[in-house]
Amino acid sequence: MKQLKTLAIAIVLFIGTQVSAQSKVAHIDVQALMTSMPEMKTAQDQMKKIQETYDKDYKNMVTEYQTKLQKYEQEAATAGDALNETRSKEMQDMGARIQQFQQTAQKDLGQKEMDLIKPIMEKAQAAIKKVAKEKGFNYVLDATTGSGVLVAEGTDLLADVKKSLGF
């Protein structure tokens, strides 16, 4: 009776191992997929325009700061102490505003990029899941360089997912 239980357990373990060994695995370079999506080009163009606007505003602020600084330095010898102190405070405030603008711009750009990329990533993931299900794959690994996948042999779904997305 004990031998029968042991044999039954061994058979179950053997069959379980065989079933899991039959899992189908594929890979896809998610980064390559996303960069080839038309939506990503549109998002990159939008980010470039926003970046250019921030750069223009920043350069204008810096130019204004430098112009005032030169003017105040030239007039410093003839201006009174009270006026020089007021101007010094004004320049410090202006420098702080420029720094604050730069920090806010970086934060805004990061948030805007996340807002633009999130729907693209979700669309890519949905397409990957759809194609994997259609092709009968149990696992799909991300083969993007640096993602931790050392070996990406097997079926690459990139072409099928692109086709599913219509490009």
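**View 1. Three strands line up as an open sheet in the order β2-β1-β3, with parallel pairing.** The strands at the edges are β2 (139-142) and β3 (155-156); each has a single partner strand, so one side of each is left without a neighbour in the sheet. Keep in mind that this is a predicted model. Between β1 and β2, the parallel pairing runs over four bridges. Look for Ile28, which sits opposite Asp142 in β2.

**View 2. Val25, Tyr139 and Leu141 make a nonpolar patch on the surface.** Val25 belongs to strand β1 (residues 25-28). Is Val25 buried, exposed or something in between? With 40% relative accessibility, Val25 counts as partly exposed.

**View 3. Glu39 and Lys123 join their side chains in a salt bridge, 2.3 Å from N to O.** Glu39 lies in helix α3 (residues 38-75) and Lys123 in helix α4 (residues 81-135), so this pair ties together parts that are 84 residues apart in sequence. Glu39 is partly exposed at 27% relative accessibility, and Lys123 is partly exposed too, with a relative accessible area of 35%.

**View 4. Lys68 and Glu90 form another salt bridge, with their closest N and O atoms 2.9 Å apart.** Here again the partners come from two helices: Lys68 lies in α3 and Glu90 in α4, so the pair ties together parts that are 22 residues apart in sequence. Both count as partly exposed, Lys68 at 25% relative accessibility and Glu90 at 27%.

View 5. Lys89 is partly exposed at 48% relative accessibility, while Asp93 is partly exposed with a relative accessible area of 33%. Elsewhere, salt bridges that share partners link Glu64, Lys68 and Glu90 into one network.

**View 6. Zooming back out, the chain holds five helices and three strands.** Follow the chain along its sequence and the pattern reads α-β-α-α-α-β-β-α. Of the 167 residues, 19% are buried. Among contacts with a separation of 6 or more, 84% are between residues 24 or more positions apart. The accessible surface comes to about 12,400 Å², and 55% of that belongs to carbon and sulfur atoms. Across the whole structure, a search turns up seven salt bridges.

Notes: Residues are numbered from 1 along each chain as its sequence is written. This is a predicted model: local features need pLDDT of at least 70, side-chain atom pairs count only at pLDDT 80 or more; totals for chains, interfaces and linings use all residues. Side-chain values use heavy atoms; hydrogens and water are left out. Buried means under 20% relative accessible area, exposed over 50%, partly exposed in between (1.4 Å probe, protein chains only). Contact means heavy atoms within 4.5 Å. Accessible areas come from the Shrake-Rupley method with a 1.4 Å probe; for residues, only the protein chains shown count as cover. Patches are made of residues with over 30% relative accessible area and no salt bridge: like charges are joined within 9 Å, nonpolar side chains (Val, Leu, Ile, Met, Phe, Trp, Tyr) within 5 Å. A salt bridge is a side-chain nitrogen of Lys or Arg within 4 Å of a carboxyl oxygen of Asp or Glu. Two strands pair if DSSP finds at least two bridges between them.
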